[in-house]
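Subject: Structure for you to look at

Hello,

Here is the structure I said I would pass on. Please open it first, then read the notes below it.

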Amino acid sequence: MNGRPLDFGAFSFRLVMGLLGLAAVTLLIMPTLVVVIVSFTNSFSLRFPPPGYSLRWYAALGDAWQLQFAAWNSFTVALWTTVLAIILGVAASLGIARSPKWTAKVLDSVFMSPLVLPALAYGLAALMLFSLVGWSISPVTLIIGHTVVCVPYVIRTTVAALAQLDTVLLESSASLGASRFYTFRRITLPLIRPGILAGAFIAFMSSFDNVPVSLFLRDARTDMLPIRMWQDLEGKLDVTIAAVSGAMIALTIVALVVMERLTGLSRRIR
Amino acid sequence: MWEARTVSGQALILNGITHRYGGSLAVDNVTLDIKGGEMVALLGPSGCGKTTLLRIIAGFIRQSEGAVMVGGNAIDALPPHQRNIGIVFQNYALFPHMSVAENIAYGLAARGETRAAQQNRVREMLDLVKLTPMADRYPRQLSGGQQQRIALARALAMRPSILLLDEPFAALDKNLRLDMQIEIKSIQRLAGTTTIIVTHDQEEALSMADRVAVLSQGKLEQFAPATEVYDAPSSFFVNTFVGASNVLDGVVRGVDGGQAQVRLGDGSDLSAPLPPGIQQNARVKICIRPEHLMFSEGAGDLDGTVALGMPLGSSVVHEVRLGDGTAVKVAGPRDAGAAPLAMGTRVSLRPTHATSVRLYPA
Ligand SMILES: Nc1ncnc2c1ncn2[C@@H]1O[C@H](COP(=O)(O)OP(=O)(O)O)[C@@H](O)[C@H]1O
Ligand SMILES: [Mg+2]
């Protein structure tokens, strides 16, 4: 008899948590699976389940020069954005980590604000600002816009990594005759590198599939992949888009595994 | 092996060092004159300012007042990395992403010495701390004692003019602690590096250091050779903090030349050397170490009954309750086969020497 009520409590807790987890996984994984399955269809429609299977839509990607062009644009923009986000984000994090408590708090919130502000509103505001100062819309303005919304990810993980860094190690380095720069290069940077890489990875991914900022800040020549995909889908219900999605999902999974190995990503983005 | 040119530690002078954190005084006008090659212990209870003093010497914090001088030159304007002062932290602070060899070579690499010079020095240092087989290990693969020896090797590798050790043995278990104390002492002798060791453990301070600086609430209480600190403590604090001591209350009843007659709470009288500044009728604290009290054959100075007897291997400690209820401890050598005195035995006590009774203003 003893322990029954407790067991029941634990059981119902597990049951509820299990069901919630199952629901979350279902809602996340099922649509992804559906897209991947549909991408292997042999028909001209996005119907699920597909009447038969083939690789024809993946083969078609080879000729889809508009999609390739857009993917290349998205890739280069994401790359530049990531480089800038790393430089700015790490610099900001070092500043935050060295500041007294209250300044650090204020700075932290300011740098994090792009995460909570509506990205559409930011896109519009940035567009107005650029035209106000007379900058025409170009890949440069696009990269600036992406950087603003992606920097917080780098700051988040880098500040966390810096908080883990034992300041005694830095004092130890100084007592051994190392200048501040030498200490940064050989102690600080190697020890926070996994944190920086984790943030950079998330920044890259979030730039790569950013729509709201791109909508406002790209010029007519700069076709971005997520927007192109949406337009193709809207206009012609093109099955190639399912293949693009399938390819992106596969690449993302590979990148995730690599980053997990390199940085312990899952521990850093909690 | 060790090179002769390191056997010349630099003199270190602390001149009126005062430090305040915000408004609170952590170090209060401390002056120390430490000779080259000497090993000095900073001894005091937790919070008395030892670490603060060490961090001032290392340059991590700037003192509010006073000057630090190494080899006759003031170093107050120098940042930590230009002071050439080695430090071994309490948790060792080895660089976790570097091998043992890379840790030891770090200071030389930071100064841009050649690969070959670095490797030579690493080999010498590993030899010195007897950890040559560990060169390629990482810190997390070492035991506490090994990590400490590597931290020491890393600090000594750059030939520091001064070596600072902050509570170096606090994290080690007792057996290992004694081994490491002996080892560090002999390495320090060999290297001839002027060394300051911070500790709150008086046995450690007395056994390792040439001279001991006792600190209390940021103030220097006494700076003297270990034996002198124990035998001739300069204050009530030092007398009770360093070594065990019985403390009794009394009043000075008579002064005769250099001697004082003191009346205790139970009505008995003791004779003690009269320290300067204590007058007739002054209330005093009386300190007698347990090993400076002995059982008297005839009538002694203090009468009481045995409350407890504890044989401790080669010695025996008795607790004796005096007439007014005060308990005092009496320690002495134990004869083979001798049992402690039974509880309730009436005894009479007297000091072993007249000079072993010490008086301090109450
Ligand atoms: N960074 C600090 N800020 C404010 N007060 C401090 C700081 N470090 C130490 N103190 C205070 O200064 C006094 C001396 O501290 P410390 O030098 O660490 O003593 P110890 O090493 O002898 O234990 C203590 O009262 C401590 O609380
Ligand atoms: Mg301390």
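To begin with the interface of domain 1 of chain B and domain 2 of chain B: the rule finds zero salt bridges across it. Please keep in mind that this is a predicted model. Polar contacts are another matter, as five residue pairs make them across that interface, both residues of each pair being at pLDDT 80 or more.

Where are the two domains? The domain assignment of chain B places domain 1 at 12–239 and domain 2 at 244–361. Their centres, taken over C-alpha atoms, are 39 Å apart. Nine residues from domain 1 of chain B and eight residues from domain 2 of chain B take part in the contact.

How much area do domain 1 and domain 2 of chain B bury between them? The value is about 770 Å², and 48% of it lies on carbon and sulfur atoms. On the side of domain 1 of chain B, 77% of the area buried against domain 2 of chain B comes from B:Tyr230, B:Phe236 and B:Asn239, more than from any other three residues.

Helix H7 (226–231) and helix H8 (236–241) of chain B each supply at least two residues of the side of domain 1 that touches domain 2 of chain B. H7(B) gives the most to that side, with three residues. Sorted by class, the side of domain 1 of chain B that touches domain 2 of chain B has five nonpolar, three polar and one charged residues.

Regards

Conventions:
Residues are numbered from 1 along each chain as its sequence is written. Chains are lettered from A and ligands numbered from 1 in the order in which they are written. This is a predicted model: local features need pLDDT of at least 70, side-chain atom pairs count only at pLDDT 80 or more; totals for chains, interfaces and linings use all residues. Side-chain values use heavy atoms; hydrogens and water are left out. Domain bounds come from an automatic or database domain assignment. Contact means heavy atoms within 4.5 Å. Buried area is the accessible area (1.4 Å probe) that two parts lose on being put together, summed over both. A salt bridge is a side-chain nitrogen of Lys or Arg within 4 Å of a carboxyl oxygen of Asp or Glu. A polar contact is a pair of N or O atoms within 3.5 Å; within protein, one must be able to donate a hydrogen and the other to accept it, and residues adjacent in sequence count only if both atoms are side-chain atoms. Helices (H or I, at least four residues) and strands (E, at least two) are DSSP runs, numbered from the N terminus. Ala, Val, Leu, Ile, Met, Phe, Trp, Tyr, Cys and Pro count as nonpolar, Asp, Glu, Lys and Arg as charged, and the others, Gly among them, as polar.
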